Amino acid sequence: MRKNGKYRFSLQFGMGSDEEARAGELLERLGNRKSVVVVAALCEYMEAHPEMFAGENKIKVSVSGMKDEKLEVMIRRIVEERLGEISAPAGLPAGVPEPACPEGADDDILGMLDDLDMFQVQ
């Protein structure tokens, strides 16, 4: 509903699936900051599905899960690529040593990878 220059909606859904439960928990944690996430998600969805503006269309949303191992492999590859960019900068003059990775960086990266549990897709 549009009122006083603002949109106001009430949203309710069950906990019948893992996706619904995860979405509900995220929205619960966001408190009064939900609208930013909801608007961004809807805009991304509308851009990916312009056909929904072509009239009476049914909307079907499907979520495909990703295995933890595959996600970890992808993240490790990205981290390794970024570390490679940092440790091998292009165009260093001859005789200038490559910058060393900060002490403890490996431990920090391993800690971040261990924290991936919070992003598990069920």
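Residues are numbered from 1 along each chain as its sequence is written, and side-chain values use heavy atoms, with hydrogens and water left out. As the model is a predicted one, local features require pLDDT of at least 70 and side-chain atom pairs count only at pLDDT 80 or more, whereas totals for chains, interfaces and linings use all residues.

The protein chain contains four helices and two strands, assigned as DSSP runs numbered from the N terminus (helices: H or I, at least four residues; strands: E, at least two). From the N terminus, the elements follow the order β-β-α-α-α-α. Of the 122 residues, 5% count as buried, where buried denotes under 20% relative accessible area, exposed over 50%, and partly exposed in between (1.4 Å probe, protein chains only). The accessible surface of the chain amounts to about 11,100 Å², with 56% belonging to carbon and sulfur atoms (Shrake-Rupley method, 1.4 Å probe). Among contacts (heavy atoms within 4.5 Å) with a separation of 6 or more, 39% are accounted for by residues 24 or more positions apart.

Two or more lining residues are contributed by each of α1 (18-30) and α2 (34-48), and the largest share, six residues, comes from α1. By class, the lining comprises 10 nonpolar, six polar and five charged residues.

One salt bridge is counted, the criterion being a side-chain nitrogen of Lys or Arg within 4 Å of a carboxyl oxygen of Asp or Glu. This bridge joins the side chains of Glu81 and Arg77 (3.6 Å, N to O). The two residues lie four positions apart in helix α3 (residues 68-87), and are therefore separated by about one helical turn. Glu81 is partly exposed at 39% relative accessibility, as is Arg77 at 44%.

Most residues other than glycine have a negative phi. Asn4, although not a glycine, has a positive phi of about 55°. Asn4 is located in the loop between β1 (2-3) and β2 (6-7) and is exposed, with a relative accessible area of 73%.

Definitions and conventions
Nonpolar A, V, L, I, M, F, W, Y, C, P; charged D, E, K, R; others polar.
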